[in-house]
Amino acid sequence: MTLGSIDAWWWPYAFILMAGWAMTYPWRALGVYLGGRIREDEEILVLVRAIATALVAAVIGNLICFPAGPAAETTFALRAFSAAAGFAAYFFLGRKVLLGIVVAEAIFGLGFYLGY
Amino acid sequence: MPDDAVLPSFADRRRWFLRGAAKVASVPGFILCTAHIGFADLARQAELTVAQAVFMVGAIWALPGMVVLVGAVLSGAGLFAVAFAVALSSVRLTPMVVALVPELRGTRTSKLTLYLLAHFVAVTSWVIAMETVRNVPRDLRTSYYFGLGSTLILVNMVVVAIVFAVAAALPPVVAAGLFLLTPMYFLTSLWGSAREQAAHIAMVLGLVLGPLLHLFAPGFDLLGAGLIGGGLAYAAHLMKDRPA
C-alpha cells in the first residue's frame, strides 16, 4: 500500500492520517501523560535522538544526490558544493541558520547561471 | 480550600493569545517559513496536491516527520515502512512536551487543555515558548501558547499554499534553488540542536547511508539509514563512556 495505490480522493488523506498524524501525536500525548516522569538526559533518549537524526539526514542526503524536478538538471558537484559551503558559513561564522541558507542559495544560484 | 487566584478575564486571555501570535514575527518564525517553502517544493516533486500538502502541515506539524513521510513516498515505500519511519523520527517530541508542560500549567489548567496544546509542540514553538513563557503570568500561559502555536501552524499552511500557487511562474533558478532549503534548514538546525556527539555522528552517517541504501535497497533507504546510522552513533557513544 502506497500513497497512490488506492484511486479514491480520500485515500491520500487517510494515508497521511495513518502514517503521519497517528505516528506523531501519540508521542506528544505521551509527554503530557508522563508529566515529570522522564528526564531530558535519560540514556535511552541518546539512542532515540541518534536514530531520528540519522533518518532526517538520510532524507537530506537523498535530496542532494537524487533531487526531483528542476534541481535534477543541475550537477551533483554544484548541489554538494553549495550545501557544504552553506554549512561551512553556518559553522564558522557564528552558527546562524539563516546565514547558512543564504550562502548555500547564493552559491547555487551563481553556479546555476554559470551552467553547472 | 483557600482559593485566592482570580480567574483571568476573557480580555486578558485574548491579549495574551495575541501576544503569543505576534511571536510568529521573529527570526525562528521566519526560518520556519523558509523551511516550509522547502517542504512545499518537496511535496510538489512527490506529486502531492496543494490540499494534501496543507493537510499534512496541520495534521502532522513536525517537519522531520513531514519530510520523512514525503521522502519515503518518493522512495516508493509502503504504508507500514513510512509509518514506522515517521514514528521513529518523532519520538523526540515526547521529552519536549515533558519539559514544556510544567512551564505551561496554571493553577486550574485541565488535562484536556494540555492534550490539545500538545499538538502545537514542535521545535520552533517549543524554543520560543521555553525562552519567553516565564514572562507570562502563570494562569495566562496556556492562552499565550495557544496563540503562538495556532498562528504558527496557520501561517505555514498559507505559506505552503502560496508556494503551490506561484511555483509554476518562478524563474528557473529560483524553482531549482528551492530544493536546497530543506537540506540547509536541517543541516544547520540539527547540528545546532544536538546535545551530544552521538547526534553529530548520526547526522554524518545518515547523509552517506541514505543515498547508498537508496541505490541498493530503495524503499528501505530511510529506515535502514536511521537504524544503522543511529545504532552505530549510539555504539560510539557507549564506547566513549567506557574507560579504555
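**Helix crossing and chain contact**

Mentor: The crossing of α2(A) and α4(B) is left-handed, meaning that the near helix is turned anticlockwise from the far one by less than a right angle. This is a predicted model, in which local features need pLDDT of at least 70, side-chain atom pairs count only at pLDDT 80 or more, and totals for chains, interfaces and linings use all residues. Residues are numbered from 1 along each chain as its sequence is written, while chains are lettered from A and ligands numbered from 1 in the order in which they are written.

Trainee: At what angle do the axes of α2(A) and α4(B) cross?
Mentor: They cross at roughly 50° and come within 10 Å, α4(B) being residues 63–74 of chain B. That makes α2(A) oblique to α4(B), since angles under 35 degrees count as roughly parallel, over 145 as roughly antiparallel, 65 to 115 as roughly perpendicular and the rest as oblique.

Trainee: And which residues make the contact?
Mentor: From α2(A) there are A52(A), L55(A), V56(A), V59(A) and N62(A), and from α4(B) P64(B), V67(B), V68(B) and G71(B), where contact puts C-beta atoms, placed from the backbone, within 7 Å.

Trainee: Switching to the chains, how many residues does each give to the contact?
Mentor: Chain A gives 71 residues and chain B gives 86. On the side of chain A that touches chain B, α2(A) gives the most, with 21 residues.

Trainee: What does A202(B) touch?
Mentor: Leaving out residues up to four places away in sequence, A202(B) touches A50(A), T53(A), A54(A), A57(A), G229(B), G230(B) and A233(B).

How values were computed: Two residues are in contact if their C-beta atoms, placed from the backbone, lie within 7 Å. Helices (H or I, at least four residues) and strands (E, at least two) are DSSP runs, numbered from the N terminus. Axes are lines fitted to C-alpha atoms, for helices over the stretch in contact, and angles run from 0 to 180 degrees between N-to-C directions.
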